[in-house]
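This report describes selected features of a predicted model.

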Amino acid sequence: MCKLRAYGFAGELLAFIFDFVTGRGQKVVLPNGHSSYKPVISGVPQGSVLGPLLFLLFVNDITDYFTNNISIKLFADDIKIYMEINTTSDVEVFQSGIDCIADWANKWQLKLASAKCQFVRVGLRKCNGVQYSLSGSILPRSTAVTDLGIKVDSTLTFSNHIDYIVSKAKLRASQILRCFVSKDPGILTRAFVTYVRPLIEYCSPVWSPCSVTTINKLESVQRMFTKGYMA
């Protein structure tokens, strides 16, 4: 409610939201009985329309903690920060950014999923020995991370992502060939366009391949499918 007031919410709208999130209870229901009601003293009702919007308003101010040196991106309950690291002082600045996230989460009683946190260094130069910590725990370094369905590796080749989507697309194409009784090219083509192509075209402007090897891998999906229904 404090943050809503800061955003300019007032009057009946603020009173409505206050009534929406307070005075709620919950219980556990089992086949042979149920627990007593317990008050819900934090959070928003799950599955509600207002829930996601209120959560975004609650976390939106974290971006105010960062300077121009560190960039920050939010998506639902995920957060990532990044910056160009050239010197030891840059490492210290980036660590201070991680500390800001931990301090903010502690202040507003949002528990960070430390086990899911990691860092990846994107670049060709070797930089051994650099470590970052979150709330006293060393952050694991990864050579590739999945961000909104895209596997981003430390050298930006996207080879892991291409291998993954090619494998998944071939599996789905094989399922279509096995499950469809009809071998009509028109029907199978529509099935391929509907169920397979979205897998290999999702966010393609980000990872669009430039090498012949990766291009051939992607095109092998369609070649495999067309040979399958022509056989």
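Leaving aside residues up to four places away in sequence, K3 touches L57, F58, D61, W104 and W108.

One of these contacts, D61, is also the salt-bridge partner of K3, and the closest N and O atoms of the pair are 2.7 Å apart. Because K3 belongs to helix α1 and D61 to the loop between α3 and β5 (71–75), the pair ties together parts that are 58 residues apart in sequence. D61 is likewise buried, at 16% relative accessibility.

## Other salt bridges

Side chains of opposite charge can pair when their charged atoms come close. The structure holds five salt bridges in total, among them the pair of K3 and D61.

Another salt bridge joins D147 to K80, with 3.2 Å between the closest N and O atoms. This pair links distant parts of the chain, as D147 is in strand β9 (residues 144–147) and K80 in strand β6, 67 residues apart. D147 is partly exposed, with a relative accessible area of 29%. K80 is also partly exposed, with a value of 32%.

A further salt bridge is formed by E201 and R197, whose closest N and O atoms are 2.9 Å apart. Both residues lie in helix α7 (residues 197–201), four residues apart, or about one turn of the helix. An α-helix has 3.6 residues a turn, so residues three or four places apart point the same way. E201 is partly exposed, with a relative accessible area of 40%, and R197 is partly exposed at 33% relative accessibility.

## Helix α4

Helix α4 comprises 20 residues (88–107). The expected span of a helix is 1.5 Å times one less than its number of residues, so α4 should span 28 Å; its end C-alpha atoms are 29 Å apart, which agrees. The helix is followed by Q109, which has a positive phi, near 60 degrees.

Which residues of α4 are buried? They are D90, V91, F94, Q95, G97, I98, I101, A102, W104 and A105.

At least two lining residues each come from α1, α2 (11–21), β1 (24–26) and α3. By residue class, the lining divides into 16 nonpolar, eleven polar and three charged residues.

How values were computed. Residues are numbered from 1 along each chain as its sequence is written. This is a predicted model: local features need pLDDT of at least 70, side-chain atom pairs count only at pLDDT 80 or more; totals for chains, interfaces and linings use all residues. Side-chain values use heavy atoms; hydrogens and water are left out. Buried means under 20% relative accessible area, exposed over 50%, partly exposed in between (1.4 Å probe, protein chains only). A salt bridge is a side-chain nitrogen of Lys or Arg within 4 Å of a carboxyl oxygen of Asp or Glu. Ala, Val, Leu, Ile, Met, Phe, Trp, Tyr, Cys and Pro count as nonpolar, Asp, Glu, Lys and Arg as charged, and the others, Gly among them, as polar. Contact means heavy atoms within 4.5 Å.
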